[in-house]
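Hi everyone, thanks for coming.

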Amino acid sequence: MSLEKAIPVKINGVPHELLARANETLLDCLRQHGQFEVKNGCEKGDCGACAVQIEGEAVDSCLTLTWTVEGRSITTLEGLNDTNKPHPLIAAFMEQGAVQCGYCTPGIIVAAEEMLRETLNPTDDDIALALSGNLCRCTGYTKIFAAIRQAATVLREGGGND
Amino acid sequence: MTDQTPHRQTEANVVLRQIGKPLERSDAEGKATGRTRYAGDYTMPSMLHGRVLRSELASARLKHLDASAARNLPGVLCVLTADELPDRLAATDIPGQTGQKRASTDRQILVREFIRHHGEPLALIAAETPAIAEKAHDLIEYEIEPLPGVYDIDSALGPDAPIVTEPDNIVGQHKIRKGNVDKGFAEADHIIENTFKTQFIEHAFLEPEVGLAWVDENGVINIRMSTQVIEHFRFIADALGVPHNKVRILGAMVGGGFGGKEDITVELYLALLAQATRRPVRLAYTREDSFLGHGKRHPFVISHKTGVTKQGKITALEVNIRADSGAYVFLSPYVLLYSAVAAPGPYRIDNVKIDSAAIATNNMYTSAFRGFGAAQACVAYEAQMDEIAKAIGIDRFELRRRNFMRTGDKTATGQTVESAIWSDECMTRALEALGEETKAEEPVKIGRGVATYQQSYGRITWLHDTAEAWVGIEIDGTVIVRSGVTDIGGGQVSALSQIAAESLGVGLEDVIIYHSDSAVTPLAGTTTATRALYMTGNAVHKASSILRGRMIDFAANELDVQPDEVDLANGQAFVVDDPSNFISLTDLAARGASEGLQRSELAMFRAPFTDPIDKETGQGPVFPDFTYGCHAVEVSVDTETGEVTVLKSVGAHDIGQAINPQAVEGQIEGGALMGQGYALSEELIYQEGKLVSPSFSEYLIPTSMDMPEIKTIILESRSGLGPFGAKGIGEPSFTPVAPAIANAVADAIGTRVFELPITPEKVVKVLSQSQTNGDLEQKLNKTPLLED
């Protein structure tokens, strides 16, 4: 087994060092670090439950080796919600009933947040495309789409944390 | 425990204050912020990591297994094989609550000699890290000798078939006999016969099976895990040979179930490893483990022979149902019973003959999956209705109307349905909601289809189902509910909050629920069979109603009025005719506490209990009650590529009373997409029993790109047996979807694919066949003209 190396990263804005061997994934390291909101669904990049943002871009942390993210900024669902006021996406997911078993929710919100930074007027096709790497088995996606549209409206009207 | 009818019959409130409102679910915030801890998110100091070694063949003999290299690897604490286990079996029956003798369907825990299905466990490993466990897994040496296996149900019934289950590979058979089918067919003007086939499918919950076990200072094996059924603790204790009170199962919010976490999964392996090492052990299935490690949906072959008059009245129905139960029995006998009872659909038919059988093979074992045999039955009976309509030239919706059961009618087993039967209204509403037909140009064709259904909620009544719940009011007036219910994502826990809040006149935020702990929360039974709201909801309603009566009596005394003048709402007990005369629940609870008022209640709800139905005729009550409804869809079919796109999908269901309409919509929308996957894309491929599609890149569940416009219509007859007249919706929302899509595709292309899933290849194939037949017919028709 290869040696562990300390990889400096920022997790949700706070500097940390992740201890990792060469073949360890960011998913495993983040969970060992206590970021349990990053979920393990398939470890093959098929389901998106483990999605996090690296420098603002949503990626599957199960396909990302920790050694490759040295010095980078990692944002998980927790990092989107670090103030007293819930992020408009999180509030919308709660209000719209977009959460059922909740296991896919962290990855989906992380992916949706990236899309909403691109456009605050997403079409349904935009939303479908943004979520195409995230599987949900409970909701039929309908209320997830509604929640994302609601969050876009709130953000367009200047709501949210910033 | 008090076992009495509620003290006061005054229903909570004339106007419901919590029930029927689309309230934000009590579990929504924890899940949407990522703070909810799932079973896989718990760790303990000195925790070990488990791993399962699985067979790569489906039918084989284990000649020898050598774990010495694995055991010698530093960091490996134990490797268990069949040699280390006592000679015990594991139950695969449904968990009994009543001391009934379980069916003799047990399976080996680890392979001792014969391997019966691909993925059957050979050894268990516990090591200091997941990486060491993985290495140990690869170091176990074993030799297996392939044996002849049987991989389809026809071969399994052949004269020289290898026997998977003694004596003849038939693991469950049911009969239903009503009236006289010979007479019925004689009265018919047309007889229509068709055979329909369905495929193996996978639950594909997002959270793979996972758990953490430890042995405590009392010798109790504690298992925190993702499961629909904490009451498997008894089966685990039996398999280990310890008393039932020495095994405790604690749940957590479950990352999806759909029936796939209804049987024993990781808990037995966890218990064995924790017992062997005396250290905490975590076992997390990989996605591949999950594909290989739990039972699948049964593939069915269903033949219908229907006699019908010119006017469209069905006079006789004969159905033959066969299903692949795989290598172990599990819940197959029950699934086949459901399919037999469901086989006539929501129709009144006087002469019925139904035979169903589950047949053992060396394919993966099959067991519970949302719809539980009744869904497969619906795929057949609703396709058959459209085929009948086409054959006799009658409108397919009108054909259904002429045969629907109506409120007060009996099922084919002679059970009078006590609740409303609103199939007709549901179908009318669903069709209306499809709106104007979408326009398309060649080669794309548009089609529409519906499916109606009859789906039970609650367990089979001779299983004598019960649920307990405890409700208490704290001294500050806040409410605590304890229920053994597991929440698999449908909002099972949140619904209980709403019910307790309604009865006790508080807000949802004033209720906290402790759930799914077999040692601490009153046992509530399983979250399966669309029974959670019906059973645990009634238990909570009963306990909180008794408590409500007691609080009102006490308040009446404090307010110096009669109890029937008092209501509870908004955290107060008040006089209905003079709301200014009130006492807050906080003060009431505190005063009650100092007077020794009992502020808690443990109640049991019992479903109707019956004896088993007659074996030869299948006559008698089978379920507490049924849900009725309709799913309607519009599809487009590209007749060149065979590609089917679902454009509109509408579910209209009479669910009695929506406790939380938003959660009900969620069930219907989720059922719509799961049913779409069943109809169009999902199929587990087994070759010689070996699963060749064990990942989400090969096994295709619907994604955001496949989502049609989904509409939900909730009808409320308030006639159900659940709390406030609720019926169930978990399974019913799924059941009619696939047949509705199949009917829409047939409507679009004028011919039918009789076997799910309806892939582009199959569509193109039936189109080319019907083209050939059409050409032939044209030629034959023209021939006489040419001769003229």
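Predicted model: local features only at pLDDT ≥ 70, side-chain atom pairs only at ≥ 80, totals over all residues.

Residues are numbered from 1 along each chain as its sequence is written, chains are lettered from A and ligands numbered from 1 in the order in which they are written, and side-chain values use heavy atoms, with hydrogens and water left out.

Let's begin inside chain A. In contact, meaning heavy atoms within 4.5 Å, are 19 residues of domain 1 and 16 residues of domain 2. The two domains bury about 1,400 Å² between them, 54% of it on carbon and sulfur atoms; buried area is the accessible area (1.4 Å probe) that two parts lose on being put together, summed over both. On the domain 1 side, Lys39(A), Gln53(A) and Leu77(A) lose the most area, together 35% of what that side buries.

How many salt bridges cross this domain interface? The rule, a side-chain nitrogen of Lys or Arg within 4 Å of a carboxyl oxygen of Asp or Glu, finds zero.

Now for the contact between the chains. Chain A brings 44 residues to it and chain B 56. The area buried between them is about 3,800 Å², with carbon and sulfur atoms giving 60%. Met94(A), Gln100(A) and Arg137(A) supply 22% of the area that chain A buries here, more than any other three residues. Across this interface the rule finds five salt bridges. Lys143(A) pairs with Glu665(B) in a salt bridge, and their closest N and O atoms are 2.6 Å apart.

Why call H7(B) largely enclosed by the rest of the structure? Because nine of its 11 residues are buried, that is, under 20% relative accessible area (1.4 Å probe, protein chains only). Among them are Glu267(B), Tyr269(B) and Thr277(B). Just after H7(B), Arg278(B) takes a positive phi of about 55°.

That's my tour, and I'm happy to take questions.

How values were computed: Buried < 20%, exposed > 50% of the residue type's maximum accessible area, 1.4 Å probe, protein only. Helix = DSSP H or I, 4+ residues; strand = E, 2+ residues; numbered from the N terminus.
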